[in-house]
Amino acid sequence: MKRALITGVAGQDGSYLSEFLLAQGYEVWGIVRRNSVPEHQISRIGSLGDLRLEYGDLLDSASLERCMRLAAPDEIYNLASQSHVRISFDIPQFTVQANATGLLNLLEVYRRVAPEARFYQASSSEMFGNTVDPDGFQRETTPMNPVSPYGCSKVFGYHAVRNYRKSYDLFAVNGILFNHESPRRGSNFVTNKVVKTAVQIRHKLADKLVLGNLDSHRDWGHSKDYVRGMHMIVNHEVPGDYVIATGHTHSIRELCEHVFSRLGMDYRDYVVQDAKFMRPSELTYLRGDSSLFRSTFGWEPEYTFEALLDEMIEHWESVLGRRDGSRTAGLLPVLPR
Ligand code: GDR
């Protein structure tokens with residue numbers, strides 16, 4: 001039986017990856033941070049009882065070492081981070097501590113305690129900033145020019161992983177993932193914010209949707225498709241870094257148009273803009289070319305943009321249609337202690 005250790009297990013990708021690996025017969029260990037509210041997205045997975053959860057923190061190397069020894073993993077997935085780009089402008093130092101120093105802490109424990117394991121780093125399309133190749137795509141060879149503290153911290157992480165791979169002959173890899181969403185996405189990311197608020201408006205639980213920039217473009221896929229991709233990269237014969245993306249891009253305005261029209265409404269009647277959701281500098285356009293990844297692994301996404309949003313709409317309809325308005329309905333505390 002293979003063993004996996006996942007940081008960030010309580011988030012969207014951690015929960016889908018846990019489900020995926022458990023279904024493959026893995027023994028899955030997850031690290032959760034102590035939080036004043038003990039409920040997490042991970043509570044949504046079907047077989048929480050099969051997961052071995054431990055408290056730990058990327059900024060606490062001793063806790064990482066304890067978890068690494070307990071799990072004795074074959075595969076390590078570093079999905080933990082301060083992952084909100086807008087918020088990274090408000091808490092830049094914490095963002096860099098968690099995403100850069102925290103990763104380094106984990107790499108050091110990996111190198112010393114479990115060097116035979118394979119290591120996956122959640123790298124991001126945010127690393128490219130506003131650089132686009134002449135054909136309109138970003139790919140593995142596109143220069144990185146990050147435009148946020150989050151992006152800067154991820155560029156460090158990307159290079160640190162490559163440096164450890166080369167210096168210490170480790171199987172350490174990067175997945176450069178473009179935006180990926182699902183009903184488990186935090187509701188302060190734009191897709192889930194739009195879908196949740198549109199459903200609230202339809203049920204007369206809200207009267208407007210306040211957003212920032214409507215003109216930026218994103219390449220949105222489904223988290224479930226992307227966690228399959230993480231596992232493929234980790235299980236390849238040779239270590240490498242790959243872009244995972246759909247290759248399609250839409251503006252925030254198009255996202256709103258689509259979601260509101262699915263609910264029988266016109267977004268122009270409800271969407272307003274507020275500077276507080278704008279970023280000091282914006283990444284305006286993302287469209288990923290994942291042909292290297294697709295040709296190497298034969299991967300294709302199962303979800304289209306429309307199917308992804310339909311699933312998210314259905315989710316919020318089922319939660320908010322009951323009119324209890326509770327975001328955490330059905331979630332359980334992760335660890336009893
Ligand atoms: P992003 O995702 O920054 O691309 O990073 P997010 O959904 O936050 O923003 C996407 C775009 O929407 C615009 N926008 C708003 N965004 C938010 N969150 N809230 C708003 O009200 C709003 N209005 C407009 C943003 O300006 C932006 O252009 C995500 C994260 O998951 C990262 O961790 C990950 O690395 C990248 O995707 C790939």
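Which strands does α5 lie across, and at what angle does α5 run to β5? The helix lies across β5 and β6 (171-177), at about 155° to β5. Helices here are DSSP runs of H or I with at least four residues, strands are runs of E with at least two, and both are numbered from the N terminus. Axes are lines fitted to C-alpha atoms, for helices over the stretch in contact, and angles run from 0 to 180 degrees between N-to-C directions. The model is a predicted one, in which local features need pLDDT of at least 70 and side-chain atom pairs count only at pLDDT 80 or more, while totals for chains, interfaces and linings use all residues. Residue numbers start from 1 along each chain as its sequence is written.

Now for the sheet itself. Seven strands make up an open sheet, ordered β3-β2-β1-β4-β5-β6-β11, with parallel pairing; two strands pair if DSSP finds at least two bridges between them. At the edges sit β3 (52-55) and β11 (242-244), each pairing on one side only. From one strand to the next, the twist averages 20°. Four bridges link β2 (residues 27-32) to β3 in the parallel sense, and Trp-29 stands opposite Arg-52 in β3. Helix α1 (residues 12-23) also packs on the sheet, touching β1 (3-7), β2 and β4 (75-78), and its direction makes about 165° with that of β2. Contact means that the C-beta atoms of two residues, placed from the backbone, lie within 7 Å.

The loop between β5 (118-124) and α5 (149-168) holds Pro-146. Pro-146 counts as buried because it has 22 C-beta neighbours inside 10 Å, the cut-off for buried being 20 or more other C-beta atoms, placed from the backbone, within 10 Å of its own. Leaving out residues up to four places away in sequence, Pro-146 touches Glu-126, Met-127, Gly-129, Gly-151, Cys-152 and Val-155. Gly-129 is 17 residues from Pro-146 along the chain, yet their C-alpha atoms are separated by 4.2 Å.

On the domain level, the protein splits into domain 1 (3-181 + 221-244) and domain 2 (190-218 + 249-286 + 302-320), with bounds from an automatic or database domain assignment. Their C-alpha centres lie 27 Å apart. The contact takes 17 residues from domain 1 and 14 residues from domain 2.

Terms used:
Buried ≥ 20, exposed ≤ 12 C-beta atoms within 10 Å, placed from the backbone.
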